[in-house]
Amino acid sequence: MSKVCELTGKRVMFGNKVSHANNKTKRRFNINLCKKRFFLTKENKWITLKICTYAIRIINKIGIEKALKKFQYKKNKK
């Protein structure tokens, strides 16, 4: 699986590692992903999301249902 937040769409960024001598080499900036379960009261079921910690903070502030609506989250689970 790729390192992409299912809610916000954040993904890995690339940049340069710069040494003291100003030598530049390529590196990756990974996002802080967590697997988290949330309970949807309207649908009366649990969902598991692979989201970044930034999205967890948003969910703590506005709630899971509003956050899913804000980011237009649609997942096809069978």
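Modeller: Let us begin with Asn 44, which lies in the loop between β3 and β4. Please keep in mind that this is a predicted model.

Colleague: Why is Asn 44 called exposed?

Modeller: Its relative accessibility is 58%, and exposed means over 50%, so Asn 44 counts as exposed. Its backbone deserves a glance too: phi of Asn 44 is near 55 degrees, a positive value in a residue other than glycine.

Colleague: And what makes Lys 45 partly exposed?

Modeller: Lys 45 has a relative accessible area of 41%. Buried would need a value under 20% and exposed one over 50%, so Lys 45 is placed in between, as partly exposed. Lys 45 is found in strand β4, residues 45-52, and it touches Phe 38, Phe 39 and Leu 40, leaving out residues up to four places away in sequence.

Colleague: What about Gln 72: why does it count as exposed?

Modeller: The cut-off for exposed is over 50%, and Gln 72 has 58% relative accessibility, so it counts as exposed. You will find Gln 72 in the segment after α2. Although it is not a glycine, Gln 72 has a positive phi of about 50 degrees.

Colleague: How do you know that β1 and β2 are paired?

Modeller: Pairing asks for at least two bridges, and six bridges join β1 (residues 13-18) to β2 (residues 24-29), so the two strands pair. They run antiparallel, with Phe 14 opposite Arg 28 in β2. β1 and β2 form a hairpin with five residues between them. In the turn, Asn 22 has a positive phi of about 65 degrees.

Colleague: What makes you say that the buried residues of α1 are on the same side?

Modeller: The buried residues of α1 are Ala 55, Ile 56, Ile 58 and Ile 59. They cover an arc of only 160 degrees around the axis, which puts them on the same side of α1. These buried residues pack against β3, β4 and α2. The face of α1 turned away from the buried side carries the exposed residues Arg 57, Asn 60 and Lys 61. Just after α1, Gly 63 takes a positive phi of about 100 degrees.

Colleague: Which residues have the most contacts inside the largest nonpolar core?

Modeller: That core has 15 residues, and those with the most contacts inside it are Leu 7, Phe 38, Leu 49, Ile 51, Ile 59, Ile 64 and Leu 68. β3, β4, α1 and α2 each supply at least two residues of this core. As for Leu 7, its contacts beyond four places in sequence include Ile 51, Ala 55, Ile 59 and Leu 68. In soluble globular proteins, nonpolar side chains tend to be buried together.

Colleague: How do you know that Arg 27 lies over the face of Phe 29?

Modeller: A charge over a ring has to be within 6 Å of the ring centre and within 35 degrees of the ring normal. Arg 27 lies over the face of Phe 29 at 3.9 Å from the ring centre. Arg 37 lies over the face of Trp 46, at 4.2 Å from the ring centre.

Definitions and conventions: Residues numbered from 1 in each chain as written. Predicted model: local features only at pLDDT ≥ 70, side-chain atom pairs only at ≥ 80, totals over all residues. Heavy atoms only, no water. Helix = DSSP H or I, 4+ residues; strand = E, 2+ residues; numbered from the N terminus. Buried < 20%, exposed > 50% of the residue type's maximum accessible area, 1.4 Å probe, protein only. Contact = heavy atoms within 4.5 Å. Core = buried A, V, L, I, M, F, W, Y, C linked by side-chain atoms within 4.5 Å. Arc of directions from axis to C-beta.
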